[in-house]
Structures are given as C-alpha cells and as structure tokens.
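Student: Pick one residue in this model and take me through it slowly, please. Then tell me how the rest of the chain is put together around it.

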Amino acid sequence: MKPAPFQWHPASSLDEAVALLARYAPEDGRVIAGGQSLVPSMALRVALPAHLIDINGIASLARLEVEAGRLSIGACVRHAAFEHPVEPGVLGRLLATVAANIAHAPIRTRGTFCGSLANADPASEWCLVAATLGATLVAVSARGTREVAAADWFHGIMTTALAEDELLAEARLPLLATDARAGFHEFSRRAGDYALAMSLCTFRVVEGRMREARVGVGGVEPQPRRIPEAERLLEGERPEPETFARAARAAADAVDPLEDIRTRAAYRRDLVAASVRRSLQAACDDTH
Amino acid sequence: MTPRIDITLNVNGSDHDIRVEPRRTLADALRQDCGLTGTNVGCEHGVCGACTVLLDGEPVRSCLMFAVQAQGRRLRTVEGLANAEGLHPLQQAFTDHHALQCGYCTPGFLMLAAGTLERHPDIDDESLREVLSSNLCRCTGYQNILRAVRAVRDSRRLAREDAR
Ligand SMILES: Cc1cc2nc3c(=O)[nH]c(=O)nc-3n(C[C@H](O)[C@H](O)[C@H](O)COP(=O)(O)OP(=O)(O)OC[C@H]3O[C@@H](n4cnc5c(N)ncnc54)[C@H](O)[C@@H]3O)c2cc1C
Ligand code: FES
Ligand code: FES
C-alpha cells in the first residue's frame, strides 16, 4: 500500500528540529530518521503521521566519537557505521558482531542506532546492547535536555521514556574494559529476520575467576533486560561450560516470554537457555 | 492531498525535474514520475528488495525512502548499467549463468550486486552470500545468482592482476 498524506519538514539543525517537533507533535507529528521501521508501518497504514520532522540533514547528529570513556552515537549514525569496529577496543568489536545481525545490508545503510532505541522493538539488537551495557540516552526538546539511563528507558513493547516533543539526539555507551570479554548470540528463522531470542554477555576474568558479569536477554520479553539470577551464578566462578549451562538455565527460568501464534513461551524459554549458553561461551573465547 | 513539492532527482547522471507529494516513495517517483520502470516494486515494505537502487553508491530500498529525501543525491538504477558498448558485466553474467527466470527480482539483485562489488571488490564468498540474502527471488533458488556475481568478482580480480 501507499503511505497516507503527510507534510514534510526537513530540519537543518537540532534547534530547528525540536522547534518543529514542539509545534507538530501535538498534531500527530513525529521524527523520521532512517525510515526503516516507520516507512513500512506507514505503507501498511499502521502509522498515519500528519507531519514528519526529517532529521537526516542535520550534520551535527552524524557524530560518532569516543570521549571520556564513552562512545557517543548521534541520531543520524546508521547501522552500517558499526559493521567495521568504530573503536579499537572490545566494544567496537562487539558492535560489529551485533550489527551484522540487524536486518540486511541495504536496510543497514539507512536505519539508525538511535531510531532503533526510539522504536524499542522487543527484538531490537541495539536495544539489547543499550540495556546490557547501561547506555545513557540524551533526550532533547524545546524545554531542555535530559539524560535517561537505559534501565529507565524501556516502558514495554515499542514504548519508551521519550515524550512526544522529545528527540533522542544521542546515545552513549560506556567503553568496555581492555580485559573484558563479550559474546553475542541470536536465533532467528531466516537471515535478517528479527530474533526470536538473543543474548549478550560480558565479563572480565581476574585470576581465573569471572568478575563484573553481565547477562542481557532480548527478543523474549516486552523489553530487553539484564538477568541478575544468571549474573549471580557467574560472579567469582571459573569460566567453564558447566557454569555457563547453569547460568543459562537460570536465565531461562527467570524470563517471562512473549507468546505469538508461531512461538510458544516454552519454546522461547528453551531458546534463552541455548542462547545464553552460547553467548557466554563466545565471551569466554573472546580473548582477542 | 498535501501540496506537491518541486524537486530534482539525479538518476544515472541525468536530472529529472518532477513535482511530487511528500508521501511519494522514491520507487514510485522513479517509475511514475521519471518514467524509469526498470526498478520493480514488490512488497512495498522493505522485505523483498525488488526496488533496490544505489544512493550515492550504496544499495537502499527505494520503497523505504521518500522521493523528496533523495534531492541532491546521486541515484543509480538498472537503466544505468548497460552502455553503448553493450550489457554491464553483471547483466551478461546473469544471462550466462541463468540467474533469472521471471526476472522480477533481477533489477534489485543487479543493483545490490553492482553496489556491493564496487565498494568491496574483493568480498569473500561468505560475505557475498550474506549480502545477497538481502533480496528475495521466488524462481531461481539463488545458486545461479551467487554464481553470476562471483564470476564477475573473479573476472574483475583477474583483470586487475593482469593490469599490474
Ligand atoms: C526487512 C526489515 C528487517 C528488519 N530487521 C531488523 C532486525 O533484525 N533488527 C532490528 O533491530 N531492526 C530491524 N529492522 C528495523 C531497522 O533496524 C530500523 O532501522 C530501526 O528499527 C529504526 O531505525 P530508523 O532510523 O530506521 O527509524 P525510523 O523508521 O525513522 O523511526 C522509527 C520510530 O522511531 C522514531 N524515531 C526515530 N529516530 C528518532 C529520534 N532520534 N528521536 C525520536 N524519535 C525517533 C520515529 O518517529 C518512529 O516512530 C528491520 C527493518 C526491515 C525493513
Ligand atoms: S518493494 Fe521495496 S523491498 Fe519490496
Ligand atoms: S527470477 Fe523470478 S523472482 Fe527472481
């Protein structure tokens, strides 16, 4: 189908974009970034915005920089930017691995990191990364700027802390320690499909023991999150397959999986166990 | 109807002055306003890749962009592949390797492959397979498409080595 009529407002600066958003958000206006989720839903007439504030021409939002131990990702940074490591450390390598799992190459040339966070699909890879690593999201409106922690960002399926007149201008990810190890695993039925379950694990190994373990699960519940029940079983233990299997089982027990006509909760739970075990093993093998 | 906007699209090196509603997708503008019907439209929501074109050299789904967003960019479509000397090497390879049957997916695959080989002339088989999984073909079973694109990659590589 064809998208319904709308008025197009290309913005050339962040100030202009938030001014336009303040004016048009109450009249069904919203931001268009890469358009790779919005335009399909407009074509299907699920989304019927009356105004689109186009941020693609805002040069300052293409910023992708490491500063003060954090990677700052502007609102116009595309998925494709991460296909090659954006920084020389563990984070850059991890993001490259994750990016390859997002949709297909021609979609990655347009879709944005921040657009994925704003869209908050339960199966978004970037949302899992943000939730697991503890991203900071920078929301800007004509009223001012505020920072939201990833833990407070997700409010359920495709719902976030962002107010209607706010623009997600930047996402910030903490760099990973030089001795950190990271592993990602996702299960989907076909190449490029959304994940039915995925997981991201990181830890350091100090004197043979795992420290600062993080286990994040996405695509399973309405929003991605860390699973403390699994993390506890790793802390201070040796990185061994039996320990990984125990933590993976704990993660599977802890989640409350979404169900749909093709995917029963029990199946998703099994996928969580397999996925967490594999991403823990991948992290264990991630010794550069 | 919302007011139409005057824009210029640069396609295959030529400017097209057209007047479109903002909701006009790039795919529809190419086909209906520029008269370039080589770009096909299948699903219209980003899944099939029949509408793939090059935007400043990069493959994109033209059904997931609005024409007004493509002003000032360089667009390339399947019509721009062949020249006075004949078919583009990819078009010839698709013929030679029987990489099309009904041909509906072909313009999209050709542009995907053209953009990919220009940017990554030495792409390995595994990555090529991954990239070509972006588009759907309901006829060929994909193997011949892979063969055709690999053949062009390999012959260009040989040509580069000979030139050295
Ligand atoms: C065939 C196909 C397969 C896909 N597979 C995957 C997949 O496997 N994994 C995955 O994660 N995604 C997938 N996607 C979606 C893709 O990653 C999108 O790019 C992403 O979800 C949204 O980013 P965008 O920049 O395209 O946002 P848009 O489509 O432009 O916007 C999406 C929503 O977010 C809002 N928005 C966007 N940016 C901002 C901002 N800066 N501030 C405030 N609001 C904003 C918009 O108003 C809109 O509501 C797929 C898409 C397609 C078409
Ligand atoms: S028509 Fe554009 S992807 Fe199917
Ligand atoms: S040749 Fe018929 S769809 Fe590909």
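Tutor: Contact here means heavy atoms within 4.5 Å. By that cut-off, and leaving aside neighbours within four places in sequence, L14(A) touches I58(A), L61(A), V140(A), L167(A) and A169(A). Bear in mind that this is a predicted model, where local features need pLDDT of at least 70, side-chain atom pairs need 80 or more, and totals for chains, interfaces and linings use all residues. Residues count from 1 along each chain as its sequence is written, chains are lettered from A and ligands numbered from 1 in the order written, and side-chain values use heavy atoms, without hydrogens or water.

Take L61(A) from that list: it sits 47 residues from L14(A) in sequence, yet their C-alpha atoms are 7.8 Å apart. L14(A) itself belongs to helix 1 (residues 14-24) of chain A; helices are DSSP runs of H or I with at least four residues, strands are E runs of at least two, numbered from the N terminus. L14(A) counts as partly exposed because its relative accessibility is 21% (buried is under 20%, exposed over 50%, partly exposed in between, with a 1.4 Å probe and protein chains only).

Now zoom out. Chain A has 10 helices and 12 strands, and its C-alpha trace spans about 60 × 45 × 30 Å along the principal axes. Of its 288 residues, 56% are buried. Among contacts between residues at least 6 apart in sequence, 61% join residues at least 24 apart.

Two helix pairs are worth a look. Helix 3 (residues 90-99) and helix 6 (residues 125-133) of chain A have axes that come within 10 Å and cross at roughly 150° (axes are fitted to C-alpha atoms over the stretch in contact, angles run 0 to 180 degrees between N-to-C directions). That makes helix 3 of chain A roughly antiparallel to helix 6 of chain A (over 145 degrees; under 35 is roughly parallel, 65 to 115 roughly perpendicular, the rest oblique). L91(A), L94(A), L95(A), V98(A) and A99(A) of helix 3 meet E125(A), W126(A), V129(A) and L133(A) of helix 6. Those residues split into eight nonpolar, no polar and one charged (nonpolar: Ala, Val, Leu, Ile, Met, Phe, Trp, Tyr, Cys, Pro; charged: Asp, Glu, Lys, Arg; others, Gly included, polar).

Helix 9 (residues 241-254) and helix 10 (residues 265-285) of chain A have axes coming within 8 Å and crossing at roughly 145°. The residues making their contact include F244(A) and R249(A) of helix 9 and V272(A) and L280(A) of helix 10. Here the tally is 12 nonpolar, one polar and five charged.
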